[in-house]
Amino acid sequence: MTFLRNGQALTCYSFGEPCRNSPIEWAPSMSQTSVADTLREYLSLLELLDDAYWEASNIQHKDMLYDIISIFSQEVAEINKLSVMDHHYPYEVITEGIRRVVPKLERLDEYREDVIQRTQTLTDFRDILSSVLGILEEQLRTL
């Protein structure tokens with residue numbers, strides 16, 4: 001069920017299910033990415049970063065990739081601690097490292113042609129990076 005409150009679309013949830021004559025919790029509808037969607041994007045990015053790490057020929061590039069992989073691995077580990085029943089709720093940043101990863105991702109994006117060697121990895125990286133950056137920038141605006 002979707003309602004409007006102060007001009008914002010809201011969805012009514014009660015214990016993870018649409019509410020039916022029960023105490024309710026209000027959650028923004030379609031304005032934030034869900035935990036499940038975020039987890040899927042982060043796992044896709046981690047897979048590509050892992051590929052890029054093994055493809056990298058320069059130790060500085062490997063260090064940069066490893067740093068980003070570590071940050072996302074910590075966030076994914078924390079997300080995985082959540083109940084699957086909570087994966088429909090809007091995503092909120094959990095770890096401190098993820099709050100500081102945007103400049104690292106932007107730097108990687110700037111040097112992606114030098115860091116990421118394989119064409120397929122590079123193409124997939126461009127696609128997933130914009131989605132992940134969108135999620136993170138949305139989170140940083142709300143902090």
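Which side chains meet in a salt bridge at 2.6 Å, N to O? They are those of Asp 67 and Lys 104.

## About the model

This is a predicted model, in which local features need pLDDT of at least 70, side-chain atom pairs count only at pLDDT 80 or more, and totals for chains, interfaces and linings use all residues. Residues are numbered from 1 along each chain as its sequence is written, and side-chain values use heavy atoms, leaving out hydrogens and water.

## Salt bridges

A salt bridge here is a side-chain nitrogen of Lys or Arg within 4 Å of a carboxyl oxygen of Asp or Glu. The structure holds seven of them. In the pair we began with, Asp 67 lies in helix 2 and Lys 104 in helix 3, so this bridge ties together parts that are 37 residues apart in sequence. (Helices are DSSP runs of H or I, at least four residues, numbered from the N terminus.)

Let's look at two others. Glu 78 pairs with Lys 81, with the closest N and O atoms 3.0 Å apart.

## The nonpolar core

Now for the inside. A nonpolar core is a set of buried Ala, Val, Leu, Ile, Met, Phe, Trp, Tyr and Cys residues joined through side-chain atoms within 4.5 Å; buried means under 20% relative accessible area (1.4 Å probe, protein chains only). The largest such core has 34 residues, and Leu 105 is among the members that touch the most others. Helix 1, helix 2, helix 3 and helix 5 each give two or more residues to this core.

How values were computed: Buried < 20%, exposed > 50% of the residue type's maximum accessible area, 1.4 Å probe, protein only.
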